[in-house]
Amino acid sequence: MDSYRMKPREIPREDSWDVVVAGGGPAGCAAAAAAAREGARTLLVEATGCLGGMGTSGLVPAWCPFSDKEKMIYRGLAEKVFTACKAGMAHVRDDAMDWVPIDPELLKRIYDDLVTGAGAAVRFHTVLAGVEMGEDGVVDAVLLAGKAQLAACCAKVYVDCTGDGDLAAWAGAPTEKGAAETGELQPATLCFILSNVDTDAYGRMPRHLDAGSPIYQIARSDKYPQVVDAHFCSNVIGPGTVGFNAGHLWDVDPADSDGLSRAMIEGRRIARAFRDGLAELAPEAFGSAFLAATAPLMGVRETRRILGDYVLTLDDYLGRRSFDDEICRNCYFIDIHTARDEIARSAAGEHVVERRHERYGPGESHGIPYRCLTPRGLVNVLVAGRAISCDRAVQGSVRVMPVCLAMGEAAGIAAAHACALPRCDVHAVDAQRLRRRLRAEGAYLPG
C-alpha cells in the first residue's frame with residue numbers, strides 16, 4: 001500500500017482525565033466503573049451509541065455460565081450486572097446462573113447506570129484513531145475521532161478494552177493472532193432476533209445437536225446455501241421473541257475493515273436464510289416469524305492477544321492453576337468454534353467443537369493473574385477482555401462476558417492505583433492490595 005504523509009497541524013488537547021478506557025463492552029464498563037469508584041477521573045470511549053458490546057450491540061442472546069456448577073464465581077460488578085439483568089426478565093428464575101437469556105435493551109440501561117452511577121463519563125460515537133507515544137513505553141495521548149473533530153486525549157493510565165487489543169498494539173505491544181501454523185481465526189457470527197414466534201412450540205423443538213433438528217436440515221439443504229453448518233444457539237429473550245447466536249462466517253479478521261464489512265453483509269443474508277428455513281421446517285414455531293433485527297456489531301470470537309508479563313497457557317487451564325496475583329477465577333470451557341475443514345465431521349455427528357478439550361467438574365476453576373493484563377514494553381497501559389495475554393486455546397475460554405466483567409473490574413482498580421505511582425507504572429501495582437480491594441467489593445478470590 002502506498003503511504004500518505006500527513007500535513008503538520010495542531011489538534012485540540014484534552015488532559016482532564018486520570019484514566020481513559022477504550023471500548024465500552026463488559027470489560028470496559030467494569031473497568032470504567034471500578035476506576036471511577038476508586039476516585040480516578042475516568043472517561044469511557046465507545047465507538048457505538050450504547051454500552052455493553054456483545055450483550056447489547058452484538059445481540060448475543062444468553063450469558064455464558066456464571067457458576068462452576070456449584071456456586072457463582074464471577075462476582076463483584078459482574079454479579080451486580082447479571083442480577084440486575086435477571087431481575088428485569090419475568091420469565092427467568094431468580095436462582096438461574098447458567099445460560100441465562102439477555103434482554104439487550106434492558107442491559108443497555110444497566111450498563112449506563114453502572115458507569116455513570118460510579119462517576120465515570122461516557123463518550124459515544126467516538127473512535128480510537130491513533131496512539132501517540134512518548135519515551136520508554138509511555139503513551140502520551142490517544143487520538144479520538146468524534147463528531148466534532150480529531151482530538152488528543154491525555155491521561156495517566158489507559159485501559160484497552162477494545163477486544164482487539166487496538167490501543168496496545170498501536171502503542172507497540174507485542175501480539176499474537178490466530179493459529180500458530182496457519183493464522184486461521186475462529187469463525188465469527190452475526191447474531192439476530194426473530195419475533196412473532198410461538199415460544200411454546202419452540203420449546204418442544206429438538207435442540208441444535210439432536211437428530212432430526214430442523215437446523216441440520218437447513219444446513220444440508222441446497223435451498224439455503226448461505227447456511228453451511230449447524231451452529232445454532234437460541235434463547236427466549238421476551239414474549240414471542242427469540243435471540244439467535246447461529247451460523248458461522250469464516251476468514252473474518254476483525255482488524256481488516258474490508259473483510260469485516262463483507263462479513264456483515266453475508267451475516268444478514270444468513271439470518272434471513274435461517275428465518276426462512278425455520279418457517280418452512282418448523283412452521284408450528286416459526287411459520288409467522290419476523291426477522292426483527294440483526295446485530296450492528298459482528299460477533300467476533302478471536303483476534304489479537306497481547307503478550308504480557310505472563311502468558312496464561314493450556315497447561316495452566318488443565319491444571320486448574322492458582323496464582324499469587326490472580327484477580328479472578330474462570331471456569332468456562334475451552335470453546336474454539338469449528339474450523340472450515342471440520343464442518344463435514346460435525347455434520348456427521350462427531351461434534352468436534354464440543355469435545356475439543358476436557359471440561360471442568362463441579363467446583364473447578366483456574367486463576368487469571370494480574371500479569372496477563374500488563375503488556376510487555378508499555379508502562380501505562382492495561383488490557384482487559386479477550387485480548388489479554390494467553391495462548392490461543394485459553395482465549396477460547398476467557399473471551400466470554402462473565403470473565404470479561406471480572407477482568408475489567410480488576411483492570412479499573414489497578415489503573416486507579418497506578419495513577420498514584422511514579423511514572424504511573426501498571427507493572428508496579430501492588431497485586432496484593434489490588435486483591436484486597438477486589439475482595440472488599442465482593443470478588444471471588446479463594447485462598
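Is the crossing of α1 and α3 left-handed or right-handed? The crossing is left-handed, and the close-ups below show where to find it. This is a predicted model, in which local features need pLDDT of at least 70, side-chain atom pairs count only at pLDDT 80 or more, and totals for chains, interfaces and linings use all residues. Residues are numbered from 1 along each chain as its sequence is written, and side-chain values use heavy atoms, with hydrogens and water left out.

**View A. Helix α1 packs against helix α3 (residues 104-117).** Helices here are DSSP runs (H or I, at least four residues) and strands are too (E, at least two), numbered from the N terminus. The axes of α1 and α3 are 8 Å apart, at an angle of about 30°. That makes the pair roughly parallel, a term for angles under 35 degrees. Axes are lines fitted to C-alpha atoms, for helices over the stretch in contact, and angles run from 0 to 180 degrees between N-to-C directions. A crossing is left-handed if the near helix is turned anticlockwise from the far one by less than a right angle, and right-handed if clockwise. Look for Pro 26, Cys 29, Ala 32 and Ala 33 of α1 meeting Tyr 111, Leu 114 and Val 115 of α3; contact means heavy atoms within 4.5 Å.

**View B. Helix α1 (residues 26-37) also meets helix α12 (residues 401-418).** Here the axes come within 7 Å and cross at roughly 30°, so α1 is roughly parallel to α12. This crossing is right-handed. Among the residues of α1 that take part are Ala 27, Ala 30 and Arg 37, while those of α12 include Cys 404, Gly 408 and Glu 409.

**View C. Leu 194 sits in strand β10 (residues 192-195).** Leu 194 is buried, with a relative accessible area of 0%; buried means under 20% (1.4 Å probe, protein chains only). Leaving aside neighbours within four places in sequence, its contacts include Gly 240, Arg 275 and Phe 286. Leu 194 and Phe 286 are 92 residues apart in sequence, with their C-alpha atoms 8.6 Å apart in space.

View D. A disulfide is a pair of cysteine sulfur atoms within 2.5 Å, and the count comes to zero. Cys 328 is buried at 4% relative accessibility, and Cys 390 is buried at 1%.

Methods. Buried means under 20% relative accessible area, exposed over 50%, partly exposed in between (1.4 Å probe, protein chains only). Angles under 35 degrees count as roughly parallel, over 145 as roughly antiparallel, 65 to 115 as roughly perpendicular and the rest as oblique.
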